[in-house]
Amino acid sequence: MDLRLLLSSLIPSLQSVYVLVFYFVYLAVAGEILPGKVIRGVVLSDGSHLRYRCNGLLALTMLVTILGVSAKLGVLSPLVVADRGLELLSATFIFCVLVTLVLYITGRNSSDKSSSLKPHISGNLVEDWWFGIQLNPQFMSIDLKFFFVRAGMMGWLLINLSILAKSFQDGSLSQSMILYQIFCALYILDYFVHEEYMTSTWDIIAERLGFMLVFGDLLWIPFTFSIQGWWLLHNKVELTAPAIVANCFVFLIGYMVFRGANKQKHIFKKNPKTPIWGKPPVVVGGKLLASGYWGIARHCNYLGDLMLALSFSLPCGISSPVPYFYPIYLLILLIWRERRDEERCAEKYKEIWAEYLRLVPYRILPYVY
């Protein structure tokens with residue numbers, strides 16, 4: 001690898017900046033003006049709740065249509081992301097740093113007492129910058145946390161589509177690439193179909209908005225989750241029919257567990273008396289769900305997420321560990337997050353949590369972990 005070429009590729013060009021500016025402006029405008037179901041977020045500690053306009057699927061559809069028409073008319077190259085991936089990565093990183101510095105400064109100077117904007121200051125500059133100070137900061141009425149997650153998920157799909165166009169142009173399109181693209185597209189589209197479920201996730205309701213979340217949403221999700229596509233662009237893999245069937249099986253089981261668990265949790269938070277798998281839910285202390293997937297493992301949704309991540313990498317074969325970066329990283333992240341979640345739950349629920357552990361002894365994988 002030519003180090004000088006690599007370093008020069010990391011320097012953001014004006015075109016990469018224009019691409020990012022157009023992308024964020026489009027998402028901001030589309031998120032505000034396009035019709036969509038308005039969802040009430042979970043009740044915060046002060047009794048308030050935020051509202052979210054879930055129009056991500058429509059915004060994504062319109063964006064892909066606009067980009068497709070622009071490419072057809074020769075206004076915009078579909079390869080702009082594939083050809084300038086490193087530039088966009090570094091430009092996004094700079095944006096993440098600048099945004100989180102602004103969030104840190106505005107958070108420290110805030111005197112708001114609401115749960116969403118009340119500053120949580122530890123006194124450690126690095127810790128406050130990393131984890132954030134405010135729960136749900138806004139900019140021009142836009143909930144930034146919800147906005148950044150949406151931007152990251154859409155960005156992942158746009159990167160994949162540009163990679164697909166590049167492989168088609170180069171004549172390197174393979175079964176492996178098609179399988180990877182289908183799995184990722186289905187996962188991302190499903191996310192936006194069920195976008196309202198995001199409003200009840202831990203990130204939205206509990207994590208403050210700092211560099212950890214901003215970097216994770218805007219850079220880590222789109223640029224590292226697409227490593228398999230970049231790898232397949234330069235490495236041809238031929239899959240056998242049994243391998244394709246097995247890969248599809250892993251994806252479908254992972255999707256069923258991931259989506260099913262998240263749906264059960266979301267419905268339970270909206271109406272704790274809703275039956276699960278045709279039976280009244282088992283609830284510990286009136287607060288903790290121990291039915292359905294949540295009676296199998298305390299973080300069963302993580303198991304589904306890990307299986308999906310593995311299904312994105314399996315089309316790349318087993319000749320290199322590089323395409324498996326995402327599932328390996330996700331395994332480490334989710335175990336770390338699961339430990340953090342359980343520490344907070346033990347402190348919050350006390351004896352109720354102890355009873356829940358007795359009923360649901362497994363963390364993520366039943367009978368193993």
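Helices here are DSSP runs of H or I with at least four residues, numbered from the N terminus. The model is a predicted one, so local features need pLDDT of at least 70 and side-chain atom pairs count only at pLDDT 80 or more, while totals for chains, interfaces and linings use all residues. Residues are numbered from 1 along each chain as its sequence is written, and side-chain values use heavy atoms, with hydrogens and water left out.

Start with helix H2, which covers residues 14–33 and includes Val 21. Val 21 is partly exposed, with a relative accessible area of 46% (partly exposed sits between buried, under 20%, and exposed, over 50%, using a 1.4 Å probe and protein chains only).

Helix H10 is another story. It runs over residues 211–224, yet the C-alpha atoms at its ends are only 17 Å apart, short of the 20 Å a straight helix would reach (the expected span is 1.5 Å times one less than the number of residues). H10 also has a kink of about 35 degrees centred on Asp 217, the bend being the angle between axes fitted to the seven residues ending there and the seven starting there. Of the 14 residues in H10, 13 are buried.

Now for the cysteines. With a disulfide taken as a pair of cysteine sulfur atoms within 2.5 Å, the count comes to zero. For Cys 316, the closest cysteine sulfur is in Cys 184, 9.5 Å away and so too far for a bond. Cys 345 is in no disulfide either, as the nearest cysteine sulfur, in Cys 300, is 16 Å away. Cys 316 is buried at 1% relative accessible area, and Cys 345 is buried at 14%.

Terms used:
Helix = DSSP H or I, 4+ residues; strand = E, 2+ residues; numbered from the N terminus.
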